[in-house]
Amino acid sequence: RSSQRVYTTLEGQLLDFSLSKVECYCCSVKHIDQITGEPLLCDRQCVLSCIVAWFGSVCDFEEFVQGSLHDHVKRELSKPGLPCLWALSTFLPFVWMAFDTFASCLWICNPGLMMTALKTPLD
């Protein structure tokens, strides 16, 4: 239930997204570093200029978030479970660890066999 609540909240936030509602840390502290007292550059100005450079305008970016991004997130989150490739990827380190352990055991138990295996070309 809690995950469904999170998905519903996220969906609502994406559909209602507006840069005018976004808060920046620098603006919340009036552009003064709380530790040093030095002035801070405004993150909002930097982010807005990047958004305009990448999307053409703030309005186009907001439409992207409310439309394409919302649809993509909703589609991906509605899929059941973990994608197969992700599940296999999480298991891969254990496979490599098993190979390493197996090779170490072979080396300790029978170093001559390992040396022969290393010298034999793979055909």
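These questions and answers cover the helices, core, surface and charged pairs of a predicted model.

Residues are numbered from 1 along each chain as its sequence is written.

Q: How many helices and how many strands does the protein chain have?
A: Helices (H or I, at least four residues) and strands (E, at least two) are DSSP runs, numbered from the N terminus. Along the sequence the pattern reads α-α-α-α-α-α. The count is 6 helices and 0 strands.

Q: What percentage of the residues in the protein chain is buried?
A: A residue is buried under 20% relative accessible area, exposed over 50% and partly exposed in between (1.4 Å probe, protein chains only). The protein chain has 123 residues. The buried share is 11%.

Q: Which residues make up the largest nonpolar core?
A: A nonpolar core is a set of buried Ala, Val, Leu, Ile, Met, Phe, Trp, Tyr and Cys residues joined through side-chain atoms within 4.5 Å. Here the largest one has 5 residues in all. They are Leu14, Leu19, Ile51, Phe61 and Val65.

Q: Is Ser18 buried or exposed?
A: Ser18 sits in the loop between α1 and α2 (25–28). Its side chain joins that of Glu62 in a polar contact of 3.5 Å (N or O atoms within 3.5 Å; within protein, one must be able to donate a hydrogen and the other to accept it, and residues adjacent in sequence count only if both atoms are side-chain atoms). The relative accessible area of Ser18 is 17%, so Ser18 is buried.

Q: Which residue forms a salt bridge with Glu11?
A: A salt bridge is a side-chain nitrogen of Lys or Arg within 4 Å of a carboxyl oxygen of Asp or Glu. For Glu11, the closest N and O atoms of the pair are 3.3 Å apart. Glu11 lies in helix α1 and its partner in helix α4 (residues 58–77), so the pair ties together parts 63 residues apart in sequence. The partner is Lys74.

Q: What is the N to O distance in the salt bridge of Asp16 and Lys21?
A: Side chains of opposite charge can pair when their charged atoms come close. Asp16 is partly exposed, at 46% relative accessible area, and Lys21 is exposed, at 52%. The distance is 2.7 Å.

Key
Predicted model: local features only at pLDDT ≥ 70, side-chain atom pairs only at ≥ 80, totals over all residues. Heavy atoms only, no water.
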